[in-house]
Amino acid sequence: MSRIGVFVCHCGENIARTVDCAAVAKRLAELPGVAHSVDYKYMCSDPGQALIKQAIAEKGLTGVVVAACSPHMHEKTFRRAVSGAGMNPHFCEMANIREHCSWIHEDRVKATDKATQLASFIVEKVKRNRPLQPIHIPIERRALVIGGGIAGIQASLDIADGNREVVLVEKEPSIGGHMSQLSETFPTLDCSQCILTPRMVETYQHERIRLHTYSEVESVEGYIGNFTVRIRKKSRSIDEEKCNGCGACIQACPNRKSPNEFDTGLGKRTSVYVPFPQAVPNIPVIDRASCLFFRGRAKGAKKDVCKKCEAACGKGAIAFDREDRIIEEKVGAIIIATGYQLYSIGKEQANSAFKGYGEYGYGTIPDVIDGLQFERLASASGPTAGKILRPSDGKEPKRIIFLQCIGSRDPAKGIQFCSKICCMYVAKHTMLYKHKVHGGQATVFFMDIRAAGKGYDEFSRRAIEEDGARYIRGRVSKLERDGEAIKVYGYDTLNGAPVVMDADMVVLATAMVPQTGISTLAQKLSVSYDRYGFINEAHPKLRPVETNTAGIFVAGACQAPRDIPDSVSMASAAAAKVLGLFSNEKLEREPSVAVVNRELCTGCFHCQRVCPYGAIDRFEVKDRKDTLLKTVAEVNKGICQGCGTCQATCPSKSVELEGFTDEQVFAEINALEWTGQGNSGEGGRR
Amino acid sequence: MTHTESKKDNLSAAIRGLTGENVARCYQCGKCSAGCPMSQEMKLKPHDLMRLASFDQADRIFGDESIWLCLTCETCSARCPNGCDPARVIDTLREMALARDPSRWPRAIGAFHAEFLKQVKNHGRVFELGLILGFKLRTGRLFDDALSGPGVFARGKLALQPHRISGIDEMRKIFEKCENVENRDLS
Amino acid sequence: MKIGYYPGCSLSSTGREYNESLQVIAPLLGVTLQEIEDWNCCGASSAHATNRQLSLALAARNLALAETQAIPEVLAPCAACYNRLASARHALAKDTRAFEKTREVLERPEFSNSVRVKTSVEWLRDLAPVIQKKAEETASRSATSPSVKGLKVACYYGCLLVRPPEVTQWPTQWDDPEDPSSMETVVRATGAEPVRWNRRLDCCGAGFSLSRLDSVARLGREILQEAKKAGAQALVVACPLCHVNLDFRQQAIARKAGGEFDLPVFYITELVGLALGASQAQLGLNRHYVRTDSVLERSP
């Protein structure tokens with residue numbers, strides 16, 4: 001026999017201004033099954049909650065309905081209150097008579113009728129509630145971080161320092177990401193590698209970080225707290241245990257002509273190589289595509305070619321026959337930190353929606369380079385030992401021109417967004433250039449200057465006011481080869497005249513776009529991404545480091561273009577989320593999940609097909625002799641988000657949401673017939 | 001007259017209605033004017049015209065000959081980063097200028113267009129000799145290229161007689177219908 | 001192989017050589033040209049610059065005629081005519097209001113805008129293997145006929161062949177609007193050598209030839225100078241107006257804007273014709289202003 005307590009809240013004036021709360025309470029007292037019905041000014045306050053607890057004790061209530069604001073606001077509050085009085089919290093529900101009634105209507109009589117109806121629905125529902133217990137699932141308290149750039153490194157260190165183990169996977173032979181390619185960083189002009197390498201070493205040496213470099217995520221199964229990740233450790237063709245990083249193999253390698261990826265193609269490397277001297281780990285990789293031994297083997301040579309590295313190695317660490325290995329790691333949370341790549345200045349683009357800049361030569365004009373290439377030129381450890389020299393003839397460019405917004409803010413080429421960092425790094429480049437090429441002139445063609453960070457505007461003004469950079473507001477229509485120089489056809493909108501200039505070098509500030517293969521990775525993880533490939537955050541304002549997939553977080557430039565301080569902040573935020581998740585041994589989840597009635601289920605699996613979260617598994621019902629009787633659907637309580645799609649789809653009505661059964665929902669609908677006493681006269685029983 | 005007042009002409013809305021082009025999309029980067037071959041001869045360059053159009057400054061646009069200096073080479077529209085079509089906007093501005101005042105175009109350029117279209121209307125095809133002579137009469141440039149005359153004839157490059165197409169009545173009807181300004185709903 | 005043919009007004013007068021050379025090479029390439037009967041002027045820049053509806057109607061009448069004459073595809077050698085016809089085709093396909101209005105103006109309700117328009121450059125590029133084969137055969141047969149082998153040419157596309165990209169590269173993308181290569185492909189097939197140079201897509205001054213010669217002189221000088229700087233011995237064009245502005249006007253350009261050029265300007269069809277063994281007279285080369293004999297005898 002139901003004994004429901006109804007509590008109608010005035011919410012100060014919010015509800016009481018439009019709804020006659022006392023009348024609602026009075027009418028609901030007449031509803032069969034209601035044992036107690038009152039109104040009060042502020043139900044969420046301490047005295048308000050005390051009213052509920054008191055009523056439960058005194059009247060032996062079996063359920064509580066609070067007619068007030070939205071459950072999003074205070075469902076937790078009231079459920080905690082009834083728990084305190086010894087009642088299962090799932091017997092307490094809210095009827096929303098504020099957002100759904102008093103805030104959207106003006107007619108007091110009609111609003112009061114409606115509030116009465118809304119409360120009566122919930123009373124009918126609560127009569128049919130069952131006591132539910134929270135679901136506890138075990139958590140593997142280890143994290144996986146995908147991407148070893150500055151964001152991945154920061155997140156890994158934060159989690160590891162928080163006493164949890166981290167598996168860090170990086171696809172390049174070394175961690176460090178693009179930050180390791182930069183010469184100096186804005187706004188301080190700190191040497192990038194100087195501030196980065198200590199972190200890299202710390203990551204490598206940390207006892208709680210398992211580093212897998214030259215590796216990629218192969219597959220991900222499972223759900224929050226229980227992910228099984230298979231990682232492909234690509235073969236370096238080197239025995240990592242034996243190698244001591246002495247570099248003898250590199251010295252011995254006869255091929256010195258392969259383009260150096262780290263130097264963005266401006267320098268050369270050997271076939272067995274370490275990407276840069278400060279690489280972590282300092283273990284080389286053999287590039288099988290250029291290695292003479294492997295090429296010989298591929299052509300079917302009868303005798304082994306070269307192998308000079310093997311001969312030179314004092315530790316026997318060269319392992320030509322080592323192949324890729326797949327390892328398995330179990331983790332409870334994943335952070336995606338795969339970073340960015342630059343939009344291509346050539347004709348070929350990473351994303352088929354992007355077009356290249358034919359008017360700037362599609363990358364075929366010599367000495368027209370992009371921002372990362374300029375960084376390598378400016379780097380002391382770069383292909384020119386830090387001198388700004390033209391790739392074509394090695395001469396110093398006396399006139400350098402920078403073009404901003406290449407790709408960015410250019411819907412005609414496929415990209416609408418602004419890449420955020422280019423205004424800053426171009427200012428930085430003009431300063432580096434001025435410091436290195438005395439008597440040189442730097443010119444920048446820009447549309448706007450976006451310098452919103454701390455010290456950023458001051459930094460960008462310094463380039464103009466102290467280092468003599470000439471900023472021209474206007475875009476460039478085309479670039480042409482003019483003998484040894486490059487002719488730039490631009491416009492000065494502030495002066496109102498076309499500007500034609502000659503340059504010895506042109507730097508295109510290209511857009512920051514997600515890495516190639518990001519969509520494949522995202523699909524493996526079941527996270528969503530936007531049309532450019534940027535990983536989608538759960539909420540752009542309030543949940544920036546989470547994704548819509550429980551247990552998977554995101555940090556850094558893979559979510560949107562950003563600079564180093566923002567990437568580091570985001571990484572620490574994601575780490576904090578992970579550590580928060582790991583702070584309990586078990587994960588507590590709301591019990592409003594779907595449950596399958598195995599007796600009724602016919603095994604059609606329509607539910608599995610429509611479930612947006614992949615939460616439906618198959619379960620084999622067997623007899624004691626282990627004979628298979630039937631295969632039915634089973635809901636994974638760890639993944640189910642309680643959306644109810646399966647319930648709506650099931651043809652045999654075998655699956656229902658706890659707390660939202662068909663019986664409950666129909667009871668609510670049927671309650672529409674009851675309109676209560678003393679209302680506008682339009683009512684009465686129908 | 002301030003630059004920001006006067007929505008009375010609502011030029012931008014008229015352009016939008018005729019062409020679907022939203023001139024507010026122009027973010028004044030100047031790339032069109034940077035690549036325009038006539039930029040250095042125009043007082044109001046393509047991006048200037050877009051800006052004036054979006055601020056409904058009809059008098060400033062139609063009071064200048066810049067729109068007539070456009071070569072219709074389409075370079076501006078091909079390169080606009082924000083997907084604007086300045087070429088189309090400038091085409092429309094010329095039509096609107098003629099609707100306001102059919103004689104208000106630079107003399108020589110106007111004479112060429114008028115004579116060209118007269119040829120098409122009367123013959124269906126351009127009788128180039130007629131075009132040249134008509135142009136000279138309208139502009140008074142009787143002696144320009146006069147020395148080239150004999151050479152052109154000697155090379156057989158100029159017919160002495162026009163060719164008239166059979167469908168010449170069709171031509172007349174097309175011109176009548178299209179020249180009717182009311183028909184074109186230009187404001 | 002048959003293809004519809006829209007000569008346009010210039011090809012019977014100032015652009016006469018273009019038509020003559022085209023008529024010579026078409027049968028050599030196994031193509032019959034079917035001229036649209038009673039075609040009218042496309043309106044060129046004068047209609048387009050002053051009256052959009054008129055420009056659509058004039059161009060569309062030719063497309064409608066082609067339809068009634070069962071011609072599915074039309075070759076329009078003049079770049080401006082091509083651009084007007086293709087623009088009409090595109091506009092009427094994308095804008096139903098314009099389509100209805102144009103049909104009404106033409107009084108041709110059955111017109112369905114189904115005709116495809118092609119430039120001579122795309123047409124010849126698709127025939128490049130045939131051109132190359134025949135050129136090689138011709139070269140091996142006689143060593144004395146005027147030869148284009150090794151002739152350094154600057155391919156001048158002009159503005160209207162490739163712009164605007166939404167119109168010219170629709171419905172098929174036949175070349176890259178900022179970095180086209182079709183003309184170079186044809187030139188190579190003839191045995192001549194295209195040079196890499198800067199002004200391939202820059203406007204020659206178009207319809208200002210009579211009304212604003214100074215502008216044409218300025219623009220023309222840029223083009224001729226760059227071609228010369230790149231080592232070209234001749235220019236190759238695909239538009240009679242470009243030809244007038246660079247050939248007929250070459251002397252005026254030199255006089256008004258300065259410079260000495262002596263650069264003959266070939267129509268692409270003339271170049272192909274020479275490679276296929278036709279004589280200069282057959283191709284109309286004697287009608288040019290800048291004499292062509294010297295470069296043809298100069299090249300190896």
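Across the interface of chain A and chain B, seven residue pairs are found in polar contact, with both partners at pLDDT 80 or more, and I would like to start there, bearing in mind that what we are looking at is a predicted model. The largest share of the side of chain A that touches chain B comes from strand β25 of chain A, residues 485-492, which gives three residues. Sorted by class, that side of chain A holds nine nonpolar, six polar and six charged residues.

How many salt bridges are there between chain A and chain B? The count is one salt bridge, and the side chains of Glu359(A) and Lys31(B) meet in a salt bridge at 2.9 Å, N to O. In terms of contacts, 21 residues of chain A touch 18 residues of chain B, and the area buried between the two chains is about 1,300 Å², with carbon and sulfur atoms giving 54% of it. On the chain A side, Arg475(A), Ser477(A) and Tyr491(A) lose the most area to chain B, and together these residues make up 37% of what that side buries.

Let me turn to the interface of chain B and chain C. Here the contact takes 58 residues from chain B and 56 residues from chain C, and the buried area is about 5,100 Å², of which carbon and sulfur atoms give 54%. Which residues of chain B lose the most area to chain C? They are Arg125(B), Arg155(B) and Lys157(B), which together account for 14% of what the chain B side buries.

By class, the side of chain B that touches chain C has 27 nonpolar, 12 polar and 19 charged residues.

Moving on to strand pairing, chain C contains an open sheet of four strands in the order β6-β5-β7-β8, with parallel pairing. Because β6 (193-194) and β8 (265-267) of chain C stand at the edges with a single partner strand each, one side of each is left without a neighbour in the sheet. Strand β7 of chain C, residues 234-237, runs parallel to β8(C) and is joined to that strand by three bridges, and Val236(C) stands opposite Phe266(C) in β8(C).

In chain A, by contrast in sense, strand β32 (residues 616-622) and strand β33 (residues 628-635) pair antiparallel over seven bridges, with Phe619(A) opposite Val632(A) in β33(A). These two strands form a hairpin with five residues between them, and in the turn Asp626(A) has a positive phi of about 70°.

Finally, a word on confidence. The predictor gives the complex an ipTM of 0.91 and a pTM of 0.86, and chain C averages a pLDDT of 93, with 98% of the residues scoring at least 70.

Note on methods
Residues are numbered from 1 along each chain as its sequence is written. Chains are lettered from A and ligands numbered from 1 in the order in which they are written. Side-chain values use heavy atoms; hydrogens and water are left out. Two strands pair if DSSP finds at least two bridges between them. Contact means heavy atoms within 4.5 Å. Buried area is the accessible area (1.4 Å probe) that two parts lose on being put together, summed over both. Ala, Val, Leu, Ile, Met, Phe, Trp, Tyr, Cys and Pro count as nonpolar, Asp, Glu, Lys and Arg as charged, and the others, Gly among them, as polar. A salt bridge is a side-chain nitrogen of Lys or Arg within 4 Å of a carboxyl oxygen of Asp or Glu. A polar contact is a pair of N or O atoms within 3.5 Å; within protein, one must be able to donate a hydrogen and the other to accept it, and residues adjacent in sequence count only if both atoms are side-chain atoms. pLDDT is the predictor's confidence in each residue, from 0 to 100.
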